Amino acid sequence: MPPRQRRQSPERRDAAIRKHLPKAGEYWTKWPGYLAEGDLCQAGEKAWGAVAQLTKAVATHRGWQHSDHDRLREVIRELAHEYSDHQDTIIRGLTSADVLHGNFYEVFLDRLQTELALEDIVPLVEILWAELPGEYTGGISFDDWVASDDN
């Protein structure tokens with residue numbers, strides 16, 4: 001079942017999407033530094049934050065609610081359903097993002113587990129980014145957008 005609808009004017013949707021994307025870029029650029037410093041908790045939390053912000057942007061674009069963690073998971077699960085050929089990749093990315101977020105609070109992952117979870121979320125981030133229209137993405141990849149001065 002698709003996520004619940006959220007009523008917003010097109011102008012408010014646009015403003016919300018444009019609010020979420022810079023945060024996604026900011027978080028995504030920070031996790032490698034934390035990982036290099038050995039701060040696995042912050043590395044994972046920043047990666048989770050990027051996934052969450054991109055998911056909020058996609059949900060907003062589609063007019064879906066995204067008010068809490070459960071709604072974010074619902075959005076990603078719906079995308080997995082829609083993209084059945086990428087379902088495993090999307091669900092693996094969601095699971096890894098959740099584990100990284102949980103690690104921030106409970107500190108149970110070692111470096112290898114953290115690195116593997118981070119690898120798992122890269123395809124999810126790319127799929128979320130591809131869900132957004134070119135007016136937001138500039139028609140470039142997420143990595144290129146993050147590396148540019150436009151984010």
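**A tour of salt bridges and a helix pair**

Begin by selecting arginine 73 and aspartate 70, which lie three residues apart in helix 3 (residues 69–82) and are therefore separated by about one helical turn; helices here are DSSP runs of H or I with at least four residues, numbered from the N terminus. The two form a salt bridge with their closest N and O atoms 3.2 Å apart, the term meaning a side-chain nitrogen of Lys or Arg within 4 Å of a carboxyl oxygen of Asp or Glu. Aspartate 70 is partly exposed at a relative accessible area of 45% (buried is under 20%, exposed over 50%, partly exposed in between, with a 1.4 Å probe and protein chains only).

This is a predicted model, in which local features need pLDDT of at least 70 and side-chain atom pairs count only at pLDDT 80 or more, while totals for chains, interfaces and linings use all residues. Residues are numbered from 1 along each chain as its sequence is written, and side-chain values use heavy atoms, leaving out hydrogens and water.

Next, select lysine 30 and glutamate 26, both in helix 1 and four residues apart, whose salt bridge has its closest N and O atoms 3.2 Å apart. Lysine 30 is partly exposed at 36% relative accessibility, and glutamate 26 is partly exposed at 28%.

Staying in helix 1 (residues 10–37), select aspartate 14 and arginine 18, four residues apart, whose side chains meet in a salt bridge at 3.0 Å, N to O.

Finally, display helix 4 (residues 87–106) with helix 5 (residues 111–130), and look among the meeting residues for Leu94 in helix 4 and Leu118 in helix 5, contact meaning heavy atoms within 4.5 Å.

Conventions. Helices (H or I, at least four residues) and strands (E, at least two) are DSSP runs, numbered from the N terminus.
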